[in-house]
Amino acid sequence: MDTEDFDWEFEHPIDSLPTSFDGQEVDPDEDEEQEEVADPYKDDESKDDEAIQRECLKAFASIDYIMESGVFKDLKRYFQAGGTPEQVVLLLSENYTAVAQTVNLFAEWLIFTGVNPTEVQQMVEDHLKALIIKHFDPKKADSIFSEEGGTPAWLEIMIQHRTWRSLFYKLAEAHPDCLMLNFTIKLISDAGYQGEIGNVSTACHEIEVFTKVLQTTINKLLEGGEDAVIKHLPEFSKMVCHGEHTYLYAQMLMHLLAKDKDGGSIIRRLYQEVQNAGKNKGEGVTQISLALSSAAAYPKACQALLSMICREALNTADITVLFKLYMGPDPPPVELIRIPQLMELFKQTLFKPGANVNPEHRNKYTYLLAYAASVHETFKKDKRITLNKDELKPTCQAIDKVYNICSCDQKVGSELTAELTAFYQCIRYPVVALGVLYWVDKTVLDPAYFQRITDHTPLHLIVLDEVVNCHPLIHGKVLELLIRLFEDPYPQLDVLVQMELKKTILDRMVHLLSKGFVVLVVQYIAKCVDDSDTDMSLIRHFVTEVLDMIAPPYTSEFVQLFLPIIENQDITGTLRNEDGKDPVSNFIVHCKTNFIMMT
């Protein structure tokens with residue numbers, strides 16, 4: 001079979017790309033036209049013919065120079081200076097190694113042997129990207145603009161392809177001061193691909209690019225719901241927290257957008273998530289947040305907040321100052337005490353196992369946390385028109401009840417059973433649920449905890465199920481805790497006890513899945529299978545529990561994640577019957593029938 005039978009070519013063949021960042025293969029006629037626009041050799045008039053010939057011959061002696069765009073310019077200069085054709089032909093031919101053409105030849109051979117053309121193209125592109133990243137020279141790249149006299153045509157072609165855009169993103173991260181890369185990122189943004197560059201620090205140096213990326217990302221987060229927030233928030237936070245200027249600019253915009261009735265609550269959440277992500281950037285983050293919260297009008301509150309946040313600890317004196325202000329007839333805006341760092345300090349103080357807050361002042365702590373979590377107010381033209389405290393008292397009582405339970409760190413196992421009713425009543429308050437989750441986290445991660453437990457399912461893990469039942473927005477935090485528990489080696493426990501405990505933890509993951517948190521749970525189990533570091537009997541237990549619970553129709557995303565696990569013979573081989581009438585076979589048949597594109 002002849003290779004001509006294959007109708008293939010690369011989307012951007014190797015010999016059509018520049019072999020270095022200072023040139024590209026061009027047509028001689030096009031070269032004549034470009035020379036009229038910008039003549040990089042206008043200083044030849046000051047050189048004698050011998051100097052020009054030596055300069056050109058040195059270029060002709062370099063490897064594969066015949067593939068460079070400058071070859072036609074240098075040929076013209078050489079002959080105008082009186083050079084002889086024989087020496088040119090000899091140098092160009094002897095130094096022609098045909099790197100690009102050889103790559104294309106090898107690619108044709110691979111396709112001839114049966115390799116998919118797309119895979120071949122991917123291999124070539126990945127290798128070329130690796131070489132460019134390894135040998136990239138910012139100074140040579142910046143010289144492109146002085147030599148070309150404008151945007152090179154090949155650069156505009158490259159940014160039309162995702163492969164090469166991703167290359168520029170990596171280069172821009174590695175060389176933030178390169179003018180050529182900064183300009184390329186702006187070109188990419190202007191071409192409409194700003195949604196891809198949210199994690200490129202170079203975008204933070206250009207106000208136009210940053211604004212477009214910020215707008216695109218916020219729209220993506222608004223339209224995509226909770227899944228989009230989970231997926232894109234880390235990159236978004238990294239971009240916003242790149243520097244003080246980006247943080248201030250982005251937070252100011254989001255602060256203003258959060259006042260809008262349509263989508264304002266989601267923007268406010270993004271604002272606080274970014275604020276929380278930037279807490280390790282220094283005091284400037286807190287000061288900016290306080291300034292946006294109108295803290296200047298309340299200097300006493302501002303001073304108390306800064307004192308506690310900078311020390312990373314609550315203290316009675318500053319809490320008393322805030323308590324008096326928020327107990328007054330005209331309290332400061334509630335947003336002032338909704339700073340994530342402050343809320344985290346309240347959680348660590350009131351919900352840690354064995355918490356010990358001075359009884360004389362504890363009501364001040366619980367009041368301020370309840371106020372921040374439950375009070376709702378509305379403003380019109382920066383003037384407060386409503387202040388709703390309907391949920392303040394019950395929230396205070398719920399926090400106080402749970403504090404009394406969490407502070408008794410000697411209670412374990414069945415001793416806590418009597419407290420379940422109170423727990424379940426209080427967990428419906430989101431702030432309490434977060435506190436309980438923190439308490440469970442600190443309790444069960446104690447190495448001695450599971451040695452003291454005799455129950456099949458520890459009560460602390462049962463409490464997590466109730467948190468999952470009441471609060472979908474906390475599902476991700478619950479999964480993070482379960483993953484840490486599942487991956488703990490538990491060297492202090494017997495092997496059989498370890499296996500039973502991990503099955504219990506998997507049951508909690510199955511419960512999470514049953515409450516709609518499907519994709520991330522199954523993704524984690526798939527990762528465990530791929531890493532081959534988890535006992536297959538545990539994966540088999542998870543699969544059995546899930547199959548007993550689910551029924552068609554399934555989403556394509558779920559099938560893509562779960563079907564490879566089900567088809568793994570090491571996992572489900574013992575769960576199948578010869579007649580094919582079992583849950584595993586039924587699931588596989590259903591997927592093969594209804595998701596043909598995946599077979």
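Q: Are Tyr449 and Phe450 buried or exposed?
A: Both Tyr449 and Phe450 are buried. The word means under 20% relative accessible area, with exposed over 50% and partly exposed in between (1.4 Å probe, protein chains only).

Q: What should I know before going further?
A: This is a predicted model, where local features need pLDDT of at least 70 and side-chain atom pairs count only at pLDDT 80 or more, while totals for chains, interfaces and linings use all residues. Residues are numbered from 1 along each chain as its sequence is written, and side-chain values use heavy atoms, leaving out hydrogens and water.

Q: How many aromatic pairs does the whole structure have, and what makes Tyr449 and Phe450 one of them?
A: The search finds 17. Tyr449 and Phe450 have ring centres 4.8 Å apart and planes at 80 degrees. Rings of Phe, Tyr and Trp (its six-membered ring) pair if their centres lie within 6.5 Å; planes under 30 degrees apart are stacked, over 60 edge-to-face, and the rest tilted. The pair of Tyr449 and Phe450 is therefore edge-to-face.

Q: Which parts of the chain does the pair of Phe450 and Tyr490 link?
A: Phe450 and Tyr490 are also edge-to-face, at 5.5 Å between centres and 90 degrees between planes. Phe450 sits in helix 22 (residues 449-452) and Tyr490 in the loop between helix 24 and helix 25, 40 residues apart. Tyr490 is buried, as is Phe450.

Q: What makes a stretch count as a helix, and how many are there?
A: Helices (H or I, at least four residues) and strands (E, at least two) are DSSP runs, numbered from the N terminus. The protein chain has 30 helices and two strands.

Q: Why does the end-to-end distance of helix 27 agree with its length?
A: The expected span is 1.5 Å times one less than the number of residues. For the 14 residues of helix 27 (residues 536-549) that gives 20 Å, and the end C-alpha atoms are 20 Å apart, so the two agree. Its buried residues include His541, Phe542 and Val546.

Q: Why is Met509 called buried?
A: Met509 has 0% relative accessibility, so it counts as buried. Its place is in helix 25. Leaving out residues up to four places away in sequence, Met509 touches Leu479, Leu482, Ile483, Phe486, Val521, Tyr524 and Ile525; contact means heavy atoms within 4.5 Å.

Q: Which residues touch the most other members of the largest nonpolar core?
A: Val436, Met509, Phe562, Ile565 and Phe587 do, in a core of 109 residues. Helix 21 (residues 430-444) gives the most, with nine residues. Such a core is a set of buried Ala, Val, Leu, Ile, Met, Phe, Trp, Tyr and Cys residues joined through side-chain atoms within 4.5 Å.

Q: How do you know where the predictor is confident?
A: pLDDT is the predictor's confidence in each residue, from 0 to 100. The protein chain averages 83, and 87% of the residues score at least 70. Over residues 1-38 pLDDT stays under 50. Where pLDDT is low, predicted coordinates should not be read in detail.
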